[in-house]
Amino acid sequence: MIANSIERLSQWVAKSTLVLAAFFLVLMALHVSLDVGLRYFFGKSFAGTLEFVSFYYMVAVIFLPIAYVELKREHISVDVFVGRCSPTIQLAFYLFAGALGLVYFGMLCYQSYLDAVRATVRMETAMANFTFYLWPSRWALPVGFAAMCLAILANMIKAVQQRQAL
C-alpha cells in the first residue's frame, strides 16, 4: 500500500518536473530565437538574454528532470563487476548504491534548500544592466534533488518487491 503510494507520488513528481523543465526549454529556445531575430533584422536585442538563459533556463533544464531519468533507469551505470555476481549480490549492491544515493542527494537537497532560503531572504541579485533576481532559480535545485530522492526510494522499493536489481 505505502509502496504503491510512494511509486505513484514519485512518478507524478518526476513527470511534473519533467514537464516544467520542458516548458523552460521551449521558453529558452523562443527567447534566444527572438533575440537573434531582433538582432539580425533590427540591430537590437533583449537586455538580459544571457542572464535569463544562464541563471533560469539552464538551471531548470538541468536539475528538474533528473528524477524522471532515475525512474526510467537511464542514468549512466557500469556493471562490469556486479554483472558477474549472483542476483542476490546484485540486489545487495543495488540497495547499497541506492542508500548512498539517498544520502548524497539528501545532503544536496538540504544544503541547496538552505541556500535557496538564504538567497530568498536576501533577495539575491546578479550584476547586470538591470536588477536581475537570482533567488527564484535557486529553488530548482532543492526541488530537483528532493524529486531525485523520491525516485531513488521508489526504485529501491520496486527492486525489493521484485527481488532483483533494477
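Predicted model: local features only at pLDDT ≥ 70, side-chain atom pairs only at ≥ 80, totals over all residues.

Trainee: Okay, how do helix 1 and helix 2 cross?

Mentor: The axes of helix 1 and helix 2 come within 9 Å and cross at roughly 160 degrees, where axes are lines fitted to C-alpha atoms, for helices over the stretch in contact, and angles run from 0 to 180 degrees between N-to-C directions. Helix 1 is therefore roughly antiparallel to helix 2, since angles under 35 degrees count as roughly parallel, over 145 as roughly antiparallel, 65 to 115 as roughly perpendicular and the rest as oblique. Helices here are DSSP runs of H or I with at least four residues, strands are runs of E with at least two, and both are numbered from the N terminus.

Trainee: And which residues make that contact?

Mentor: On helix 1 they include F24, L25 and M28, and on helix 2 they include F52, V53 and Y57, with contact meaning heavy atoms within 4.5 Å. By class, this contact of helix 1 with helix 2 has twelve nonpolar, two polar and one charged residues. For these classes, Ala, Val, Leu, Ile, Met, Phe, Trp, Tyr, Cys and Pro count as nonpolar, Asp, Glu, Lys and Arg as charged, and the others, Gly among them, as polar.

Trainee: How does helix 1 sit against helix 6, then?

Mentor: The axes of helix 1 (residues 2–42) and helix 6 come within 9 Å and cross at roughly 140 degrees, and that angle makes helix 1 oblique to helix 6. Among the residues in this contact are I6, L9 and V13 of helix 1 and L150, A154 and I157 of helix 6. The contact of helix 1 with helix 6 divides into eleven nonpolar, three polar and two charged residues.

Trainee: What about helix 2 with helix 6, parallel or antiparallel?

Mentor: Helix 2 and helix 6 are roughly parallel to each other, as their axes come within 9 Å and cross at roughly 5 degrees. V59, A60 and F63 of helix 2 meet A140, L141, G144 and F145 of helix 6, and by class this contact of helix 2 with helix 6 has six nonpolar, one polar and no charged residues.

Trainee: Switching to rings: how many aromatic pairs are there?

Mentor: The count comes to 14 aromatic pairs, where rings of Phe, Tyr and Trp (its six-membered ring) pair if their centres lie within 6.5 Å, and planes under 30 degrees apart count as stacked, over 60 as edge-to-face and the rest as tilted. One of them is the tilted pair of Y56 and F132, at 5.2 Å centre to centre with 50 degrees between the planes. This pair links distant parts of the chain, with Y56 in helix 2 and F132 in strand 2 (residues 132–133), 76 residues apart.

Trainee: Are those two buried or exposed?

Mentor: Y56 is buried, with a relative accessible area of 17%, and F132 also counts as buried, at 2%; buried means under 20% relative accessible area, exposed over 50% and partly exposed in between, using a 1.4 Å probe and protein chains only. Y56 and F132 belong to one aromatic cluster that also holds F23, F24, F52, F55, Y57 and F130.

Trainee: You mentioned R73, so what is its phi?

Mentor: R73 has a positive phi of about 55 degrees although it is not a glycine. Most residues other than glycine have a negative phi. R73 is found in the loop between helix 3 (66–71) and helix 4 (87–122) and counts as partly exposed, at 42% relative accessibility.

Trainee: And where does M123 lie?

Mentor: M123 lies in the loop between helix 4 and strand 1 (125–126), and M123 has a positive phi of about 55 degrees although it is not a glycine. At 39% relative accessibility, M123 counts as partly exposed.

Terms used: Residues numbered from 1 in each chain as written. Heavy atoms only, no water.
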